[in-house]
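Colleague: I am new to this structure. Could you take me through it, please?

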Amino acid sequence: MHPMLNVAISAIRKAGDILLHNYENINLENHDNIVNSIVLKKIINNVKNVIINVLNKFYPTHLFVNKNNFNKIDIKKGVLWVVNELNGKNNFVKKFPHFAISIAILVKGETKISVIYDPMKNELFTAVKGRGAQINGYRMRCSNNKKLSNNHIVFNNKIFTDLQIKNYFQIINKLCINKNKIKVTGSTLLNLSYIASGRIDICIHFSISKLILVTSELQVKESGGFINYLSSTNEFFNKHKNIIAGNSKIINYFLNK
C-alpha cells in the first residue's frame, strides 16, 4: 500500500472518531444558526487539528489545505493535503447519519490519492492514481447501466432565481422519466463515492466546489466512471462548475438527448 495512503487513512479514522463522539453526545439543535454555531466550528476545528497532527508527524514539509485557503494557494507547487473536515453539515446537526470527511493528496496539482470516510457506516473509499479504487479494501466499479431508465440518481437542490431554476428543471426533467429513482442526500462526497461503488448510477451537482472535485474525481475515474461538465443557455450555470457523473454511455446518452 502507498505509504501516504496509510497515513491518510490513519488520520481520517482518528478524525472520524471525533465526529462520532460528538454526534452521540452533543445536541447541536439547541444552538441558534446551527450550521454556523460556535460548537460546530469547534468540532470541525478539532477534526482539522487531528489531521494536521498526523500529517506533521510523518510529512512535516507537506502543506495542509482546506476550504479556507484552497483558493489562495498555488496547488501546482509541492505536495498538498486537501481536507474537507465535514461534508454534510446539515445532516450531522440533524443526526441524519450521512456525512463524510475527505483527504486528497495532490502532487504538483495532480490528485494522486483520495480518501473519503463515512464514520457512521465505517466505510472507507480510497483511490490511488493508476491503481484503482476500493471500498474497505474491495475493488469498486461504477454502474454499467446503459440507458436513461431505472437509474438511481442523486442531485443537489440549491435555491436559484426564477430564471435559473427554469434551466435547473430543464436538466432534471431529462432524468425524472422512465421510472428513475431521484434522491437528494446532503453529501456530495458520498454521492460521488457511491457513483464509484456502483450504488448510484448518475450524480448531478450544480456549483460543485473545486475542493470536492479534486478529491472525488479520482475515485470516479479509477472505478471506470467519468465526470463531465454541464453547459447551459443560462449564463449563471456556465459561470459555475456543474457536473454529471456516471459511466460513459449513460453520460453521453444524457448529454446528447
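This is a predicted model: local features need pLDDT of at least 70, side-chain atom pairs count only at pLDDT 80 or more; totals for chains, interfaces and linings use all residues.

Colleague: At what angle do α5 and α6 cross?

Modeller: The axes of α5 (residues 188-197) and α6 (residues 210-222) cross at roughly 15° and come within 8 Å. The axes are lines fitted to C-alpha atoms over the stretch in contact, with angles from 0 to 180 degrees between N-to-C directions. The two helices are therefore roughly parallel (under 35 degrees).

Colleague: Which residues of α5 and α6 meet?

Modeller: Among them are L189, L192 and I195 in α5, and I212 and V220 in α6; contact means heavy atoms within 4.5 Å.

Colleague: And how do α1 and α2 pack?

Modeller: Helix α1 (residues 3-25) and helix α2 (residues 38-58) pack at about 160°, with axes 9 Å apart. They are therefore roughly antiparallel (over 145 degrees).

Colleague: Changing topic, what is the strand order in the open sheet?

Modeller: The order of its 7 strands is β1-β2-β3-β4-β5-β6-β7, with mixed pairing; two strands pair if DSSP finds at least two bridges between them. Helices (H or I, at least four residues) and strands (E, at least two) are DSSP runs, numbered from the N terminus.

Colleague: Which strands stand at the edges?

Modeller: β1 (63-65) and β7 (138-139) do, each with a single partner strand, so one side of each lacks a neighbour in the sheet.

Conventions
Residues are numbered from 1 along each chain as its sequence is written. Side-chain values use heavy atoms; hydrogens and water are left out. Angles under 35 degrees count as roughly parallel, over 145 as roughly antiparallel, 65 to 115 as roughly perpendicular and the rest as oblique.
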